[in-house]
Every structure is written in structure tokens, then in C-alpha cells.
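Here is a short note to read alongside the model. Please keep the structure in view as you go through the points.

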Amino acid sequence: MKDFIIPWNERSDERDMGTPAKEGKPVTLTIDGFEITVPEGTSVMRAAAEAGIQVPKLCASDNLEAFGSCRLCAVEIEGRRGLPASCTTPVAPGMVVQTQNEKLRKLRRGVMELYISDHPLDCLTCAANGDCELQDMAGAVGLRDVRYKAPEGAGLANHFEARDTSGQVNPEWLPKDDSNPYFSYDPSKCIVCNRCVRACEEVQGTFALTIEGRGFDSRVSAGGAGDDFLASDCVSCGACVQACPTATLQEKSVIELGTPERSVITTCAYCGVGCSFKAEMQGDQLVRMVPYKHGKANRGHSCVKGRFAYGYATHKDRILNPMIRETIDEPWREVSWDEALSFAATKLRGLQEVHGRRSIGVITSSRCTNEETFLVQKLTRAVFGNNNTDTCARVCHSPTGYGLGQAFGTSAGTQDFDSVEKTDVVVVIGANPTDGHPVFGSRLKKRLREGAKLIVIDPRRIDLVKSAHIQAAHHLALKPGTNVAVLTALSHVIVTEGLMDEAFIRERCDWDEFQDYAEFVSDPRHSPEATEALTGVPAAELRAAARLFATGGNGAIYYGLGVTEHSQGSTSVMGIANLAMLTGNLGRPGVGVNPLRGQNNVQGSCDMGSFPHELPGYRHVKLPEVREIFEQAWGVEIDPEPGLRINNMLDAAVDGSFKGLYIQGEDILQSDPDTKHVAAGLAAMECVIVHDLFLNETANYAHVFLPGSTFLEKDGTFTNAERRINRVRKVMAPRNGYADWEVTQLLANAMGAGWNYTHPAQIMEEIAATTPSFAGVDYALLEEKGSVQWPCNEAHPEGTPVMHVDGFVRGKGRFIVTEYVATDEKTGPRFPLLLTTGRILSQYNVGAQTRRTENVVWHERDLLEIHPHDAEQRGIKDGDWVRLASRTGETTLIAKLTDRVSPGVVYTTFHHPDTQANVITTDFSDWATNCPEYKVTAVQVGPSNGPTDWQEEYAARTERARRILPAAE
Amino acid sequence: MSPEKMVYMANQIATFFKTQPGEDVAARVAAHIHDFWEPRMRDQLCAHVDAGGAGLDPAVIAAVAELRAGA
């Protein structure tokens, strides 16, 4: 298959060029007799690499600033004294450089001899054997002998032998630190090149590592004295491991399995950043995931999830055989694919005969590929004959779809991630990038350290507000549920103080609508002073933030589910669009409106027509000309009426008119609000088909279980938050027998569809043929370019990094009046606190994947963050079991006292099913899209002895529902 | 769907469009409901209006009239 061949071109050149690329005017110099022209500011080392000459090096790496400590990269420059380090020496016009001569050879050999004199010579049994830069450099400089020996009878002066020849303990030797589950730190192999420390600072931005001691006593150290890697601030992103030139920091999987023999470039299946990775393999065994240097979303960086948390793919809980049961009280029965599919098909068709065409539907997955999602919505539209399709974007970014669609005419982020490198003022609202979108978080922090200003709008003091070497200029710690009031107040300041970009507005936006909007926001009731009591944001702080955003240069807004998951989620998105238009921050690098998407393919699942009112490409089903395209392609009639959204499906199920549901890769029982209502809806259905890796919570109510495949087991594409279509490549055969697109096809065919796709590339051809924004996309282009950002068509053959450059997709940008309407979920005497929810770095969504990896060492259960003041009033101490109750339900969990949350606000994550955070959340939802209001629930917290009756009953029911009968002999 | 929930959702839509400039609130509410509500939800809403429309914002009742005229 072509998929395993990586074309040899500039992108696949993975040489380390030694120092970062620079931009500047051209400078010409001569290196070893070759003339080369490079941008001003480039190092001599990089210039040599550009000319194809590798100068030996140990402490340099092209993702880190030059450091100049190893002295191996010395060169001779005509007219200059000494032998300067090529990594720290910038090029100059007419410079004549010699990278090799006898003097340099001798110097380098001397340097290497010193390094090797303090390094164990166990290369043959070392985990880095064959993948060690120290080994490579010893070879490159021709080191043949090490003359330095410990003097007779004296103590050892090295770091690598635990005892000297007389059996005395060597005080310089330190044992291995194996505390991190994924990599080990072996100080005896360290050459103190500082690459790990610099990677932690410059790439990841955590500053967890340092060099302790001086001279011969210099050691890499995580955290403070007495800390190991796990106890330190280390976030296990893997940047240090990747930077390490020796086996000092080494993946445990490599120690266990050995070095990989091939690699395949693919895309991470966790968050919406969509990092590119090299899956490094031995046969069909995955040895490690290494972030891909030329990945355009991540630029060679990764986080703990994508880099290390892939063990779920081979976890023993994975279900590999199809299963069925007549009723959900029965145990599961393992059956053949044929039997499971015909059972499902017969049931679904039977339900349609009795209850009508619209009595069944599908939920597409934001974790599956574009091709798989396209097929699932095609299943309901072309085979079921209705539009009952929805996706988990309903519960996360559906307001983004509606809000940005109304304002700009298209439902997606306006920028690429590289754009952050050109931004001057960043607004982060309702998002926690360092936990939820860590690689973007690191790229943002890098830009902040370079001097960009940050405004955080969030009820909680997220890490970005203040952490190592970064600090937000303003933190507007608003009361949950008051986003619209704050956004409108920001606009009020900008308009009333005359800070808007009138030229931009006149040229690019509808001027009449702007007039209405300006009149609306100028009303004194929207001033920060008037809204302070409501929002809890000090007026002066809000004014200062508004002025900074309007006048500080390129302004970019990044937002997450803290914006969308509210009764006024869509209105907030419009408010964000208004702010960007007001300040002229659209249509060029460094600015824009950037929704941070939760799951790997939320963007793609929305693009592919997963919503019940839209065909692929965000075109309403009521439009006959759009239906015509699909009717032609599929040879069926398309229902012109919108279908049911997830919450509507559940309501209709309780009412008895919705009876069957095929759910691909989503756990609605755990992830959707008001668990008891979801359970009632599922229980009322007669055929629930769960297609997933594991028996998830929803499967407790399922009649058919179809085993799913992981992202490692299939071909396809994911579209990330920057609209980037990235390839997913199969590196091993599906353990369940079929890729997910094949399973959907089998189900469709069992219902008489007659589909015959043999490769996802054919599905992409169908997408391109029917969807204008994908018209230019095919697998050949993706092979050639690595990735493209839609729209990709005749007008933009190589894709579109920045949208709305010369005008908005809808024509004129539209200002929309954003009146604040308080949610009806209000605090009162019984429920005086506001609960808001979010994610943590080491876990992902409902945790189905990450809970089945070693990531649990960082977060083994969900905690309730509560302010010490609120805790004290209730007699709650850190680590106590507490009861968390709302109008909807109650649960128990462990309290964590912290001033990250304001008094009156409590916070938890929803990664663990036994916590049942969604028993608490309510049925309130966004006015336009029904996106649930997860972020605001009035609650009370009190001491508790342990799990509630519901939690215990739920655990027992789950255990019953997961029984599997032993297979027949 | 419970009548209370349906009434609540419809009124939320009306609340937004009532804040927008212009005279055509009922038409905009009707258009939103037409575009995003599945037929059985719209039928339930119409039936509720026929039964007196208890709890509904007048803009929703006007919108239902528009929906019917358009259908």
C-alpha cells in the first residue's frame, strides 16, 4: 500500500539543522569552499547544514536556541581568533568558514574523550544503542582511545559507577528515577548538555527541570530538592526525552522493546489540536509515538496524552467480538459479525415499519475519521431515510457553528495555529489550553514569553493566569454564566471610547447593522460599572482589558467550552465575533477568532454533515439545490425536514416515537447532562447499537455491541481546530477485524444499501465531489502537502491557512446585538454555590481511553475544587468525602481546597464514570442549538460518608449490564 | 418532550429575537424553529398553541401562525 511510503521531499527531511530557522535579509558566506546564502541571524552551524554539511554537535538542536556548551561544534573562521562555536556564531557577509581541519579534529577528539571518560561504555546493552548522539559523535570525531583513568587508590571522579574498585560507595553516582510511568531518568548517562532543561523551558514552557550544582557537580534535577520526576512540576510532555542525546531520559517502552525499525506518520486521536506523530514500530507492535517535526499543528511538540497514553489500544477491556441481547437485563452473547449485523438490521427495519421512517437515527463520533463520520450520516440520510443524525459537537461547539455562521458565514476558526506566533494580545475565554489543548498552550506560552500580552476571562484561576515566566495582564474572574455581559461590556468600552477600527468596519462589515449594534452597546447599562455587580468583574480591570485588546496590536481570541456550554452559548460566540470585527482583528496572521475544539475530529464531524439540519459543508437540508447534489450521488430522496438533535432524540424516546439508535464512538450516558434523563431515554428505546472500543456507560442500555477500531488500525483523515485535514494512517491490523468505516458499511449493506467502498480514499472522493469546501481534497494531495486546511478548492488549491482575508464568506460581516439574559439556573438558599466543570491535562473527556493508561497516576479520581472559605463554613477539610447536590441529583466525591476558584464557585472534572458529575448537571441548554449548560449548575456541598445510593446502585447495575456469557463451545 | 420544556425552549428563542433590532420578530422566531426543530417538535408546539398556548411568549404564538402560513 502506498500509505507506508513517505515521499522524500523537503518535508520528510528530518535532519536536525542545529539551531532554529531565522527570517532576515540574505547573507552570503563560504563554508568549506561552498558558497551559501542564508537569512541574517542564522548560525554558522545552520548555514553549514543548509549546505549539506553537518558540524558535529551535542548540545544544539534546531528546536532550541543555541547554547554553546559542548564545544564540539567549533569551527575556524578566516580572520578570527580561536575556534568559535558554530551554533552561537551568526553568519556575516563574506565570512569564510572551515568546518574540518586537523586542528578542529584534534580539538573535537579531545572534547569527546573528556565526555566519554565520564560515561559508561555499555553501548551494546544500552536502550539508546543505535539511537544515541553521543555514540554517533564519538564515531564522527574518530575517538579511538580514552586516556583518563581513576588514579590508583584514590576515589573515583565519575558519575557512572555506583562503587569504586575497593567497593566504596561513589557519592557522585545517583540511582535511576523511574517515578514517571513512561520514561526513566538515569543520571549516570547524563552529559549535562542542558537540552532537556531548555526543552522544558523553551518548547514546553513548564520550567520543571533545572541544572543543580556547578562544574563537575552539575546535575539535571526535576523540581526542588527531594522531588523526583513524578513529584515535580513535570507534565510528562516528552520534550526532554526527545531532546536527550543519550539514554539518560528514555522511553520505558524502548527500554522494554528495543529500537523501532520503521515509522509511519499519523495524527493523534486526542484533542482538537491534531498533532502529527511518527508511530514508531517493530512489525505491528507500536514502540513509541514521537511528535513529527514537520507537523504543522504541533511543530514537533506533544503532550502526555498523544506522546504516551496509547496503551488503551491494547487494553484487556477492549471488546473484540460483536455481541447482542434481546433485552438489557440479559447478559451479552458473543456472536458472529453476520449474526450481529442481521440482528441489528432486522430490528431497525422492524422499528421503522411499526413506528415510521423517522423513529430511528444515528450519533456520529468526533473521535472517528471524516470518512467514517460521512458514512454514518449517509446511513441515516440515504438508508434510514431521515435526518436524525447528531454528534457530540451538540454538547460542545454547536453554538460555535451557529454563532460564527451567523456573523461570518462559516462555522470554523479563522486561523492556523502558527498564527499565535504573530499575535500581540491574546484573549483566552472559557478555555484552559495548558490542560485541554496542551501543545497549543505551549505555543501560546512561548509567544507570551516573547512579550505578547494575555487577558484571561475565566471564573477559575487557570495556569495561564500565572505560572513560570508568564502572567496574564488581566484576569477577569467572572461569575459563571455572565460571559455575554462581560463581552458586551468590553465592546461598550471600545465603542464609547472610540477605540474601534472604523476603517475595517466600514469596508468589511454591514454598516447599518454596526450602527444598531453601536447604539445597543453604548447604552450605559452595558458599561463595566453597571455590570460589575452582576459579573463580579471590577470595572477598572475590564476597562483596562478592553483598551489593551483594542490598542495592543494584533489581537487574537481563543475560546473553549466555557463560552459555548451555556444558555447563551450562541450569543457569547456572536459577542466574540463582534469584538474581533470591532477591532479589525480578522483576515491576517496573528489575529482571529479561534474555537479550541475538544476532540480530535469535532471540526471534521461537523463539516461532514453530522448535524440534523445540515448536509456536509454546512448546507441546510431545506435547500433543494443541495439535496439535489446528494440525491444524484446517492440515488435516493433526501428528507427535506431537519432531524432530531441528541436531546430531542432522548425526549422523543421517552415519548415513545423514537425507538432505535446507532451510536458510533460516543458515550452519551456519561458525557451528556442530566444522566437520569439520558438513561430514561435510552431505556425507552428498543434497539440501541453501541459501536465502540469498550463497554462504555451507554452500552449498559444497548442491545447490540459492535467492536470498534483505534486510530492506529485504520486509514482516514481528522480535521483539527484550525480546519487542517491530517492523514490518519493504519499501522496495524484492526484487532476487532474491521475498521469502523467497514463496520458502518456492513450495517448499511445488511439493510440493503449496496455500498462497496474498499478504501477510505474513495469516501474522500465522494466528499470532495459533493462538498465545495473539500472539492480540491484527495489523498494524493495530502500525501504531497502533508495536510491542507479547508476550504481547499479551485480558488484555494493548497488550502486556506487564514480565512476571511479579502472579505467574509457571507459577504459583509454581521454585528449582532447581544443582550445578556441571565440563566434560570440560579443560586438560592438551598443551592448557594455555582458548579462549573472542565478537564485536566492527563485525562481526556469521559476517560474511556486515558483511564486505561498509566495516566491515572496523575488523576485517579475526579475532585471537587472548593474555596477554603466555602469549605470552612461547611466543615469540610481537604480530602474529605463531600456530597454535591443540585436540583437534578446528587453525587459524592473528594474535596480539594484551593483558591483557584472564587468563593461561591466549585469546580470538578468529568473523567470518571463513578463520579457521575452529570447526575448533577441540568437540562438547561443554549437557546439556539440546545448545547447543554454544563458550565453553570447551582449546587450545595456538604460533608458525606461516601458514595450515594445512586452511585452504588449505578455501579451494581453497570456490573449486571456488562455480563458476557461464555462463548459456546 | 414535556410541555414545560418545549415552552421553555420556544420562549428562549423568542427572548433572543426580541432583543434584535427590526420589526419581524415573529418571522425570525418562525424561521429558527422551522430550520432547527424536527417536525414532531413543531407539531407538538402547534398543538400546544391550539390548546391555548399556556406559558408561551406572544412572539412564539405569532411565530406559530407564521409557521402555519408558510407550511
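**Notes on the cores, a helix and the interface**

1. The largest nonpolar core in this predicted model has 70 residues, and L249(A) and L464(A) have the most contacts inside it. Helix α12 of chain A, residues 438–449, gives the most to this core, with four residues.

2. What does L464(A) touch, leaving aside residues up to four places away in sequence? Its partners include V428(A), P433(A), L444(A), L448(A), V456(A) and I470(A).

3. Helix α13 of chain A runs over residues 483–496 and spans 20 Å between its end C-alpha atoms, close to the 20 Å expected for its 14 residues. Of these 14 residues, 13 are buried. Just after α13(A), G498(A) has a positive phi of about 65°.

4. An unreviewed UniProt entry places the feature "domain: 4Fe-4S His(Cys)3-ligated-type" at residues 103–142 of chain A. In the model this stretch is 57% helix and 0% strand, with its end C-alpha atoms 14 Å apart.

5. Between the chains, 35 residues of chain A are in contact with 22 residues of chain B. Together they bury about 2400 Å², of which 53% is on carbon and sulfur atoms. On the chain A side, P642(A), V817(A) and W927(A) lose the most area, together 23% of what that side buries.

6. How many salt bridges link chain A and chain B? The count is four. K5(B) forms a salt bridge with D923(A), where the closest N and O atoms are 3.1 Å apart.

Terms used: Residues are numbered from 1 along each chain as its sequence is written. Chains are lettered from A and ligands numbered from 1 in the order in which they are written. This is a predicted model: local features need pLDDT of at least 70, side-chain atom pairs count only at pLDDT 80 or more; totals for chains, interfaces and linings use all residues. Side-chain values use heavy atoms; hydrogens and water are left out. Helices (H or I, at least four residues) and strands (E, at least two) are DSSP runs, numbered from the N terminus. The expected span of a helix is 1.5 Å times one less than its number of residues. Buried means under 20% relative accessible area, exposed over 50%, partly exposed in between (1.4 Å probe, protein chains only). A nonpolar core is a set of buried Ala, Val, Leu, Ile, Met, Phe, Trp, Tyr and Cys residues joined through side-chain atoms within 4.5 Å. Contact means heavy atoms within 4.5 Å. UniProt positions are given in the numbering used here, feature names are shortened, and annotations may be inferred rather than shown by experiment. Buried area is the accessible area (1.4 Å probe) that two parts lose on being put together, summed over both. A salt bridge is a side-chain nitrogen of Lys or Arg within 4 Å of a carboxyl oxygen of Asp or Glu.
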